[in-house]
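Subject: Structure handover

Hello,

Here is the structure for you to open alongside this email. My notes on it follow below.

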Amino acid sequence: MPYEIALVEKLITGFKEMLPCYSGLTIDQLALNKEFFGNVSVIVQMHEMRLTPLLRRLCSLLETLSRTAQGTDPRSAGMYQQSQLLVLRVIAMSMFYHWHQIYAAQGVNADRKPAADGAADDAPAATATAAAAGTYQSAGAGYNNGDFSLFYPHPLEEVVAKRALGLATEFFRPWTSPPSVRTLSDTAGNQAWYMFYLRSTHTSQSTPMSIFMMDTAVGQGMLQRYVRACLSAPTADLPLEIQDAAGSIFTFLSAANWSMALQRAKTCLYLLLSRSDDAVDLTDIRLLEYATMDITRMAQLIEAFAEAFPRVKPAEQLKLALVLRRVIWSFVMRCGGTFLDMHRSMLRPPTNRIEQLMDAIRGVIDAHTRPSAHPVYYQLMVMLLMLCPDLVAIAVEHVVEHSEGREDGCSKNARFISRLQQQLISRDVPESAVLGAQELQHAATVLTALPGNNALRLAECFDADINAVLLDSSNRMAPYREEPIESKLLLLGTMACQFQLAPEKALQTFLPRISGPKAEPWMQL
């Protein structure tokens, strides 16, 4: 329609003229400009109904900025980077506002709709079949729990999706974070504060949008949150901010066009296996850290990674482990209700390749003694174990109840947990063991709604050992050879976990050590 085309063109032209590279104003200054704020607000709001035409125009603007930025002087290059960051943010936030409105239209804040005719009759049979198979049964759009369904945006046109995905890949590729940045519970992608709006309102099964009032969730208050996120002041690390914004775009694209994202990742794995002597661009795999996960998608990626992991070089194995760990955490944090259901009903994800992958990772860990294997292998091993509640139960039986691991085949995962405990009480405690134990504590915090479950019991048996390491002024921890993580940061992480798991016990343990006149100087926070 001509009037729509003219309106879109006018909005984008006004937006383009005010970009830092053309106006000379930084993002901080533009955030105070009422006219520019209103322009961005209209662009984001129009994406609710006019996503495709606006997306095409913004992609064209981003391509123009990439071409004109080449060969500029350092100061101009910085302004062009700010402009690219701003356009990427507007694309990402517009996509997520569009997705947010889908939830509002589906009545997320209202009571759950009655089941369709026949659905109630079919549910017991489906659950019984899943229980017999020992895998978790997905129930259509949502899951077999009390949380609301996970609605996905409608797929974009293939041409538009490929174009947007190509741009996200282009801006994600140049910056590579050190592996140590991702050895804690969150990746580099969580460092930008505006990601809060993406992951805590509408994309999570465990954090319903009903935490907001209805008028805020669908009105101007929520729209302004998204606009302010676009115009938030960037950090000094612009490349990291740009990568994060590009990853956010992929979060939406993977939700809407998952088959395309999965196929690109599988193609990348195939190239990795077939070109063993050549360097392979792993951007399509690294982007999976930002993918929108559910239990079925996670199982598909576990199967693909289990096939490739034992057959690639150690450097590629580390990269795959970093990504897969983040994929599992994306599932756990987004689908907390499903994760609880798995542990309540002792069911696994719908794949039979988890133990095969665990054997391969355990082989990497066993092959390293001094120094120990990279921390991410310990963390990934723990998270794979947490996806198998039956194996967690076996580990509890051997480690917690009997304090030993038998040598039969069923207890190999228990032996890993037992070895983790032994490393925590050794003279020089590997940083990898500390991070592995902390990963177990962090995963257990998601299951606090099931008091006394096996994961909580397993995590509790590590409290005393990990506290003894992190509260020791002599610092017995042996850092990993790449980039050691500050012990204070690790202490904060384990304190946060223990306060969620057992607040009174944690208060008695930590309060005397970090405050008051008797607190040691290095412990004061």
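First, a definition: a residue is buried under 20% relative accessible area, exposed over 50% and partly exposed in between (1.4 Å probe, protein chains only). By that rule, buried residues make up 53% of the 525 residues in the chain.

This is a predicted model, where local features need pLDDT of at least 70, side-chain atom pairs count only at pLDDT 80 or more, and totals for chains, interfaces and linings use all residues. Residues are numbered from 1 along each chain as its sequence is written, and side-chain values use heavy atoms, with hydrogens and water left out.

**Confidence**
The average pLDDT (the predictor's confidence in each residue, from 0 to 100) is 79 for the chain. A score of at least 70 is reached by 75% of the residues. Please treat two stretches with care. Residues 108-133 have a pLDDT below 50, with 20 contacts in the model beyond near neighbours in sequence. Residues 138-148 are also below 50, with 36 such contacts. Contact means heavy atoms within 4.5 Å.

**Fold**
The chain has 26 helices and two strands. These are DSSP runs, numbered from the N terminus: helices are H or I, at least four residues, and strands are E, at least two. Among contacts between residues at least 6 apart in sequence, 79% join residues at least 24 apart.

**Core**
The largest nonpolar core has 162 residues. Such a core is a set of buried Ala, Val, Leu, Ile, Met, Phe, Trp, Tyr and Cys residues joined through side-chain atoms within 4.5 Å. Helix α6 (residues 74-105) gives the most to this core, with 14 residues. F15 is one of the residues with the most contacts inside the core. Leaving aside neighbours within four places in sequence, F15 touches F36, N39, V40, I43, L58, L61, L86, V87 and V90.

**K16**
K16 sits in helix α1 (residues 2-17). Is K16 buried or partly exposed? K16 counts as partly exposed because its relative accessible area is 29%. Beyond neighbours within four places, K16 is in contact with Y22 and L61. K16 and L58 are 42 residues apart in sequence, yet 9.5 Å apart in space, C-alpha to C-alpha.

**F499**
F499 is found in helix α25 (residues 487-501). With a relative accessible area of 31%, F499 is partly exposed.

Best wishes
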